[in-house]
Amino acid sequence: MYESIKVAVTARHAAESFGLTVTRSGMAACPFHEDHTPSLKLDQRYYCFGCGATGDVIDFTARLLGISNHDAAQTLAEKFGIQPKSQTKTIPQIKPAVPLRTLEQRCLFALVQYEKLLRFWKRHYAPRTQEESFHDRFVEGCRRESFIAYLIDEMMDADPWRRKQAVELLLEDDRIHCLQNYVLQNQEEELKMNKNIHITTEVMEHGRCCT
């Protein structure tokens, strides 16, 4: 349901449907703080240059209406007539040879690392001006963080059945292994880029001293 909504409805569509006035350039007065000049940029996602509020269409609706993400998704689905995509794949059963607790810990660790990466991307790659286009990593941070946070909540739930369902979802098609590799690869890239920036800064400072 979450993915179906994000594909079908933009944050701008939702904002306009709830009565917000959006300019042709996609700007509106931010409803999340006292905004005298339009500082909220609306497109597939939303980002406020005033208060820093950001996220996808579900986050926007939840925050605007003061409800949970689940209720926001239901509201948008009813408002725009969206049906969840049918699931045709069979979720494999967890092999008894591997303790469930071990799988839970593995999945939770991978999710937490990915959530940290997404939060870093949302902060580090956020647009600095209204004219600046959205960076792909900023977009991914906005689109995926709420769902990853939801999975983490499921993994930490006291109900063992809900934890088991979350683990089975992450084990399907070896998703958790792919996620671990993806996070590790991007962490290494970020470290390398930040290191290069640091080295470049040192070289520039050394050049100033020499001159």
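**Notes on the model**

1. The sulfur of C48 lies 3.6 Å from the closest cysteine sulfur, that of C51, which is too far for a bond, a disulfide being defined as a pair of cysteine sulfur atoms within 2.5 Å. The structure accordingly holds zero disulfides. As for accessibility, C48 is buried, at a relative accessible area of 1%, whereas C51 is partly exposed, at 36%; buried means under 20% relative accessible area, exposed over 50%, and partly exposed in between, with a 1.4 Å probe and protein chains only.

2. This is a predicted model, in which local features need pLDDT of at least 70 and side-chain atom pairs count only at pLDDT 80 or more, while totals for chains, interfaces and linings use all residues. Residues are numbered from 1 along each chain as its sequence is written, and side-chain values use heavy atoms, with hydrogens and water left out.

3. E190 sits in helix 8 (residues 175-210), helices being DSSP runs of H or I with at least four residues, numbered from the N terminus. E190 is buried, with a relative accessible area of 5%. Setting aside neighbours within four places in sequence, E190 is in contact (heavy atoms within 4.5 Å) with L117, F120, W121, Y125 and R137.

4. Helix 6 (residues 136-155) has 20 residues, which at 1.5 Å a residue should span 28 Å, and its end C-alpha atoms are 28 Å apart, in agreement; the expected span is 1.5 Å times one less than the number of residues.

Notes. Helix = DSSP H or I, 4+ residues; strand = E, 2+ residues; numbered from the N terminus.
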